[in-house]
Amino acid sequence: MRLEIEIWFGDVDAFGHVNNVKYARFLETARAKFFLEKFGKLEPTFVIRRLEMDFLAPMFLGETAVVEMWVGNIGNTSWEFLYRIADKASGREVVRARSVQVWVDLRTNTKMPIPEDVRKVLEAERRDEE
């Protein structure tokens with residue numbers, strides 16, 4: 001899955017580059033787009049258990065971030081999304097990230113097995129880390 005996000009004034013900090021918390025928002029937007037594209041809806045059925053980001057280079061006002069996201073390991077109740085963010089014009093890689101999602105029953109706030117229809121989509125989108 002691929003998503004382009006323009007860098008606007010509100011995305012940069014006092015140092016003139018994209019603030020680190022904005023990258024977490026970019027990843028969140030990619031996850032939302034994934035579920036909207038694959039299932040036609042966004043339901044709060046999973047929670048983020050872990051989020052890791054390696055910041056490789058800065059991005060600046062006026063650039064366009066290209067977020068690439070794919071599925072990594074899939075377990076019984078959780079799975080990985082792996083991400084790469086790069087500058088569209090130069091191809092400069094700026095962030096590598098990983099998140100672990102856990103499927104939950106929101107009524108009991110407990111983890112539960114990933115539903116079979118979701119698992120099939122995740123398996124179809126799975127690829128080894130690049």
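Predicted model: local features only at pLDDT ≥ 70, side-chain atom pairs only at ≥ 80, totals over all residues.
**Salt bridges in this model**

Residues are numbered from 1 along each chain as its sequence is written, and side-chain values use heavy atoms, with hydrogens and water left out.

Now, what does E4 pair with? Its side chain meets that of K88 in a salt bridge, 3.0 Å from N to O. The term means a side-chain nitrogen of Lys or Arg within 4 Å of a carboxyl oxygen of Asp or Glu. E4 sits in strand β1, residues 2-6, and K88 in the loop between β4 (78-87) and β5 (93-105), so the pair links parts of the chain 84 residues apart. Strands are DSSP runs of E, at least two residues, numbered from the N terminus. K88 is partly exposed too, at 47%.

Next, R92. Its salt bridge with E63 has the closest N and O atoms 3.0 Å apart. R92 is in the loop between β4 and β5, E63 in the loop between β2 (46-55) and β3 (64-74), so this pair ties together parts 29 residues apart in sequence. R92 is partly exposed at 27%, whereas E63 is buried at 18%.

R92 also meets D87 in a salt bridge, at 3.8 Å. D87 is buried, at 4%.

Finally, R50, E52, E80 and R98 are linked in a network of salt bridges. The structure holds 16 salt bridges.

Methods: Helix = DSSP H or I, 4+ residues; strand = E, 2+ residues; numbered from the N terminus. Buried < 20%, exposed > 50% of the residue type's maximum accessible area, 1.4 Å probe, protein only.
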